[in-house]
Amino acid sequence: MRYRIGIIPELPSHSRARGDMMDVPAPARAQAAARRRSTLLIILGLRVFYRTLAQGTFHCRCCGGDRPYRHRAGRRWFTVFFVPLIPLTSVGDHVQCLTCRARYVTAAAAMLRSGDPASPVPRQRAMEAVTAAGVPGYDEAMLDADLGRPYEKLRPALHQVGAQLTVEAREWYLADVIRIGLADGPLTEGERHAARLIGLDLGMTQAQVIGVIAMTGQAAGRD
């Protein structure tokens with residue numbers, strides 16, 4: 001998600017005529033001028049919101065059994081004060097296994113493990129990201145359990161997810177994972193390597209992955 005803060009000057013008050021202001025002492029005139037120059041902060045941004053299209057049971061190839069799933073579609077919205085106002089482009093849809101949570105946890109754990117998995121700031125960012133992706137109650141114990149799962153065994157899940165997403169959705173997905181690594185500073189070489197692996201497993205080209213890493217770092221001010 002991206003946010004921008006706009007500063008809009010408030011309109012000056014016309015309750016007092018210009019000639020009357022000349023009769024007001026200088027300190028009072030300065031205070032009145034400061035009030036006229038007061039500003040209003042407006043937080044503008046872009047954010048993806050998902051809606052559930054269907055629910056049911058399917059055979060999850062990641063956890064190896066019949067599992068409940070949720071079919072969701074995403075759309076990017078223009079927001080004001082974090083409230084969605086204008087619908088923009090679609091970011092595609094995906095099928096999420098509600099048991100193994102393969103859609104997001106795999107990538108979040110891989111990125112966190114490539115840096116310092118004990119660092120509190122990226123850990124918190126990872127838990128928030130997984131919760132926002134549709135896993136309510138995701139906590140420290142669950143994160144530690146996912147950190148212990150070998151990445152190689154989870155790569156097929158990323159392949160499957162990537163095949164279900166549009167190009168734009170893959171880029172958004174990877175950027176959100178990269179922000180976990182950026183939570184405590186610029187990406188380390190290990191985190192960059194993890195981001196490249198995740199992007200390639202999602203079906204992105206090398207050039208796309210490099211571009212997303214660069215743009216996400218620039219947006220965070222941490223090149």
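This report walks through the fold, the helices, the salt bridges and a surface patch of one predicted protein model.

## Before we start

Because the model is predicted, local features need pLDDT of at least 70 and side-chain atom pairs count only at pLDDT 80 or more, while totals for chains, interfaces and linings use all residues. Residues are numbered from 1 along each chain as its sequence is written, and side-chain values use heavy atoms, with hydrogens and water left out.

## The overall picture

The protein has nine helices and four strands; these are DSSP runs (H or I, at least four residues, for helices; E, at least two, for strands), numbered from the N terminus. Read from that end, the order of elements is β-α-α-β-β-β-α-α-α-α-α-α-α.

Of the 223 residues in the protein, 38% are buried. Here, buried means under 20% relative accessible area, exposed means over 50%, and partly exposed is in between (1.4 Å probe, protein chains only). The protein exposes about 12300 Å², and carbon and sulfur atoms supply 58% of that area. Accessible areas come from the Shrake-Rupley method with a 1.4 Å probe; for residues, only the protein chains shown count as cover. Among contacts (heavy atoms within 4.5 Å) with a separation of 6 or more, 67% link residues 24 or more positions apart.

Start with helix α3, residues 105-114, where eight of the 10 residues are buried. They are Val105, Thr106, Ala107, Ala108, Ala109, Ala110, Met111 and Leu112.

Now turn to helix α8, residues 189-201. Its 13 residues reach 18 Å from the first C-alpha to the last, close to the 18 Å expected at 1.5 Å a residue; the expected span is 1.5 Å times one less than the number of residues. The buried residues of α8 are Glu191, Ala194, Ala195, Ile198, Gly199 and Asp201. They cover an arc of only 165° around the axis, so they sit on the same side of α8. That arc is taken from the directions from the helix axis to the C-beta atoms. After α8 comes Gly203, with a positive phi near 95°.

## Salt bridges between and within helices

Side chains of opposite charge can pair when their charged atoms come close. A salt bridge is a side-chain nitrogen of Lys or Arg within 4 Å of a carboxyl oxygen of Asp or Glu, and the whole structure has eight. One of them joins Arg125 and Asp176 (3.0 Å, N to O). Arg125 lies in helix α4 and Asp176 in helix α7, so this pair ties together parts that are 51 residues apart in sequence. Asp176 is buried, at 8% relative accessibility. Asp176 also meets Arg179 in a salt bridge (3.2 Å, N to O); both lie in α7, three residues apart, about one turn of the helix. Arg179 is partly exposed, at 21%.

Another salt bridge links Arg155 with Asp201, their closest N and O atoms being 2.8 Å apart. Arg155 belongs to helix α6 and Asp201 to helix α8, so the pair ties together parts that are 46 residues apart in sequence. Arg155 is partly exposed at 24%, whereas Asp201 is buried at 4%.

Trp172 and Val48 are 124 residues apart in sequence and 8.9 Å apart in space, C-alpha to C-alpha.

What makes the nonpolar surface patch of about 540 Å²? Phe81, Phe82, Val83, Leu85, Ile86 and Leu88 do. Patches are made of residues with over 30% relative accessible area and no salt bridge: like charges are joined within 9 Å, and nonpolar side chains (Val, Leu, Ile, Met, Phe, Trp, Tyr) within 5 Å. Ile86 lies in strand β4, residues 83-97, and is partly exposed at 44%.
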